[in-house]
Amino acid sequence: MNTILKPDALESEAIHIFREVAAQFERPVLLFSGGKDSITLVRLAQKAFYPARIPFPLLHVDTGHNFKETIDFRDKLVAELGLQLIVRHVQDSIDAGKVQEESGKYSSRNSLQTTTLLDAIEEFRFDACIGGARRDEEKARAKERIFSVRDDFGQWDEKKQRPELFNLLNGKIDHGQNVRVFPISNWTELDVWSYIEKENIAIPSIYFAHQRETFVRDGLIWSASEFVYREEDEVIQERRVRFRTVGDMTCTAAVQSEAATIAEIVQEIKASTLSERGARIDDKRSEAAMEQRKQLGYF
């Protein structure tokens, strides 16, 4: 039987999951992108372990093509809360010859993050990676369990997942395996924004409407940047936009918006007919783009 959880129940469930991670794993890490979902995870982790500090580090896999506003916010948050931040760079994976940079009109470093992430997991021997993915975002993410096992190559097989009956979370893994953990898996985009509004959580300015140099391709609004390939006939124009997701600049499109407060964002989302991932360029490569990336070890 499906049960619709109310906001307080969603928070309680997430806090329970965080405490299960601390109880069942030796070397967990929180995957942090500087986006609204991972920022929400930080707040939930604070509550789960209060008055102690969050007992594990944050890990950011930096493509080098992120929005400056996001990186500035990341560093400010970490400094204010006294958190441990580990940053690993996709550029290092490129320089080592482990991955090859794409070229051309749709070139992106987004998928290259997988190798950098898996290397970081092996380097620090993380056995649980806590992420902000939600089931309502995308169909491959809808298949994930809350404790989702990866094999010793970091790969995910959606056909070999464990049942999670009666909300029991089984963190038992074999040597070399690790688990991806999704505490807000049952939340929706609107749940996250409502929680941010209720808790008065600070977020990067990029989420609010602002003037930005952009161009339009394939019906999507791309940021004009040295990192984003642009054809000569793709004209730069200043538009008033905001972002619903915060990822690599080469795969994250903006939406036109006048929402300048969190309350206005909540109202905008309630009225929107565009899905949250509808502005993600990386999801448009194929019908199974996300699932294929996840099978290889993506977030």
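How many disulfides does the count come to? In this predicted model, the count comes to 0 disulfides, and the positions of the cysteines show why. The sulfur of cysteine 129 lies 20 Å from the closest cysteine sulfur, which belongs to cysteine 251, and this is too far for a bond, since a disulfide requires a pair of cysteine sulfur atoms within 2.5 Å. Cysteine 251 is likewise in no disulfide, its nearest cysteine sulfur being that of cysteine 129. Cysteine 129 is buried, with a relative accessible area of 0%, and cysteine 251 also counts as buried, at 1% relative accessibility.

The packing of the helices is considered next. Two packed helices are described by the angle between their axes and by the distance between those axes. For helix α1 (residues 7–24) and helix α2, the axes come within 9 Å and cross at roughly 70 degrees. Because angles of 65 to 115 degrees count as roughly perpendicular, α1 and α2 are described as roughly perpendicular to each other. On the side of α1, the contact is made by Glu11, Ala14, Ile15, Phe18, Arg19 and Ala22, and on the side of α2 by Leu41, Leu44, Ala45, Lys47, Ala48 and Phe49. When the residues of this contact between α1 and α2 are sorted by class, 9 are nonpolar and 3 are charged, with no polar residues.

Helix α2 (residues 36–49) also packs against helix α7 (residues 189–199), at an angle of about 55 degrees and with the axes 10 Å apart. The two helices, α2 and α7, are therefore oblique to each other, and their crossing is left-handed. In this contact, Lys36, Asp37, Thr40, Arg43, Leu44 and Lys47 of α2 meet Glu189, Val192, Trp193, Tyr195, Ile196 and Glu199 of α7. The residues of the contact of α2 with α7 comprise 5 nonpolar, 1 polar and 6 charged.

By class, the contact of α7 with α8 contains 8 nonpolar residues, 1 polar residue and 3 charged residues.

Aspartate 37, which lies in helix α2, is buried, with a relative accessible area of 11%. Apart from residues up to four places away in sequence, aspartate 37 touches Gly132, Arg134, Ile184, Val192 and Glu276. Glycine 132 lies in the loop between β4 (128–130) and α6 (139–142) and, at 16% relative accessibility, counts as buried because the cut-off for this class is under 20%. When neighbours within four places in sequence are left aside, glycine 132 is in contact with Asp37, Leu41, Glu137 and Ile184. Glycine 132 and valine 181 are 49 residues apart along the chain, and their C-alpha atoms are separated by 8.5 Å.

Finally, some features of the backbone in the loops may be noted. Most residues other than glycine have a negative phi, and most peptide bonds are trans. The peptide bond from tyrosine 50 to proline 51, however, is cis, with omega near 10 degrees, and proline 51 lies in the loop between α2 and β2 (58–62). Asparagine 167, a residue other than glycine, has a positive phi, near 65 degrees; asparagine 167 lies in the loop between β5 (147–150) and β6 (178–181) and is exposed, with a relative accessible area of 61%. Aspartate 218 is not a glycine either, yet has a positive phi of about 55 degrees. Aspartate 218 is placed in the loop between β7 (210–217) and β8 (220–223) and, at 56% relative accessibility, counts as exposed.

Definitions and conventions
Residues numbered from 1 in each chain as written. Predicted model: local features only at pLDDT ≥ 70, side-chain atom pairs only at ≥ 80, totals over all residues. Heavy atoms only, no water. Axes fitted to C-alpha atoms, helices over the stretch in contact; angles between N-to-C directions. Helix = DSSP H or I, 4+ residues; strand = E, 2+ residues; numbered from the N terminus. Parallel < 35°, antiparallel > 145°, perpendicular 65-115°, else oblique. Left-handed = near helix turned anticlockwise from the far one by under 90°. Contact = heavy atoms within 4.5 Å. Nonpolar A, V, L, I, M, F, W, Y, C, P; charged D, E, K, R; others polar. Buried < 20%, exposed > 50% of the residue type's maximum accessible area, 1.4 Å probe, protein only.
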